[in-house]
Amino acid sequence: VTPLLQSSATKLFSPQHKGRLFTIFRDPIERVVSLFYYLQKADWEPTFNPALRNMTLEQYAYSSLLESNFVTRLLLDKMEAPLEERDFDRLKAILRTKCLVGLLGDGLLEESVKRFDRYFGFSPVKSECKPGYLKQGTNRLSHPKVPAPDSSAYKEMARKNHMDLRLYEYVKHLFAEQASLVEDIGTLADSKQ
C-alpha cells in the first residue's frame, strides 16, 4: 500500500515483473475539507500545524496551507512544478491502462471493494470485518459539511484544485467504463469453477 505511485513502480516493477494496481478516489473538495478538520485536531500527525486550530474553513481556503491539486501531483510525482495539459493526458493514460479505480462516497465504496475482490480474486480472511471497515471506517471524524458550491470558500478550493476536480470527473467516467471489464472477468472466473 502506497500513495507514491511513480517511485514505487520503479522499485517494484519491471517488464519481467508487472503489477496490477487499484486505487480509490474521493471527491477532491470533500477530501480537502475533511483534511482541514482532521489537521485542526491531529497533533500526532507530522503535518500538524497549530495555526489551523484557529482558522475557519474560508481562511484555510485562501491561505497558502491549502493543498493545490495534491492527488494529481502525487500520482505524477510532480509536487512543485506547474501542471500542464499534457500532465493530465499522461495521468489519464496511467489510470486507464494500469489501474482499476474505485470511488469513495455515495455508497460506491462497497461496490468498489466488490470489484477489487472480484478482479483480483481476493477472498477476505475475516469477512465479518469488511462491513465495519466499509460502514464505520478506521479514521472517520465528524465535521461540518462541505460548503455550498456557490460559496467563496468552495470556489477558492475548486480553483486551487482544478486539476484534481478534472481528474475526479475522469475517474467517475472510468469507473463506469470498468464495470463491464470486472463483470467479464468475474464471469470468466465463475465459469472455471
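The structure is a predicted model, in which local features need pLDDT of at least 70 and side-chain atom pairs count only at pLDDT 80 or more, while totals for chains, interfaces and linings use all residues. Residues are numbered from 1 along each chain as its sequence is written, and side-chain values use heavy atoms, with hydrogens and water left out.

**Overall fold and surface**

- The protein has 9 helices and 2 strands, where helices (H or I, at least four residues) and strands (E, at least two) are DSSP runs numbered from the N terminus.
- Read from the N terminus on, the order of these elements is α-β-α-α-α-α-β-α-α-α-α.
- Of the 193 residues in the protein, 36% are buried; buried means under 20% relative accessible area, exposed means over 50%, and partly exposed lies in between (1.4 Å probe, protein chains only).
- Among contacts (heavy atoms within 4.5 Å) between residues at least 6 apart in sequence, 69% join residues at least 24 apart.

**Nonpolar cores**

- The largest nonpolar core has 18 residues, and those with the most contacts inside it are Phe25, Leu95, Val101, Leu103, Leu167 and Val171; such a core is a set of buried Ala, Val, Leu, Ile, Met, Phe, Trp, Tyr and Cys residues joined through side-chain atoms within 4.5 Å.
- Two or more residues of this core come from each of α4, α5 (85-98), β2 (99-103) and α9 (162-192), and α9 gives the most, with 7 residues.
- Leucine 167 touches Phe25, Val71, Thr72, Leu75, Phe88, Leu91 and Leu95, when residues up to four places away in sequence are not counted.
- A second, separate core of 17 residues includes Leu52, Tyr154, Met157 and Ala158.

**Threonine 72**

- Threonine 72 lies in helix α4 (residues 70-76) and counts as buried because its relative accessibility is 0%.
- The side chain of threonine 72 makes a polar contact with the side chain of aspartate 164 at 2.6 Å; a polar contact is a pair of N or O atoms within 3.5 Å, where within protein one must be able to donate a hydrogen and the other to accept it, and residues adjacent in sequence count only if both atoms are side-chain atoms.
- Leaving out residues up to four places away in sequence, threonine 72 touches Leu83, Leu91, Met163, Asp164 and Leu167.

**Salt bridges**

- The whole structure holds 9 salt bridges, each defined as a side-chain nitrogen of Lys or Arg within 4 Å of a carboxyl oxygen of Asp or Glu.
- Lysine 78 forms a salt bridge with aspartate 87, with the closest N and O atoms 2.6 Å apart, and both lysine 78 and aspartate 87 are buried.
- Arginine 159 forms a salt bridge with glutamate 156, with the closest N and O atoms 2.7 Å apart, and the two residues lie in helix α8 (residues 152-160), 3 residues apart, about one turn of the helix.
- Arginine 159 counts as exposed because its relative accessibility is 51%, whereas glutamate 156, at 10%, counts as buried.
- Glu156, Arg159 and Lys160 are linked in a network of salt bridges.
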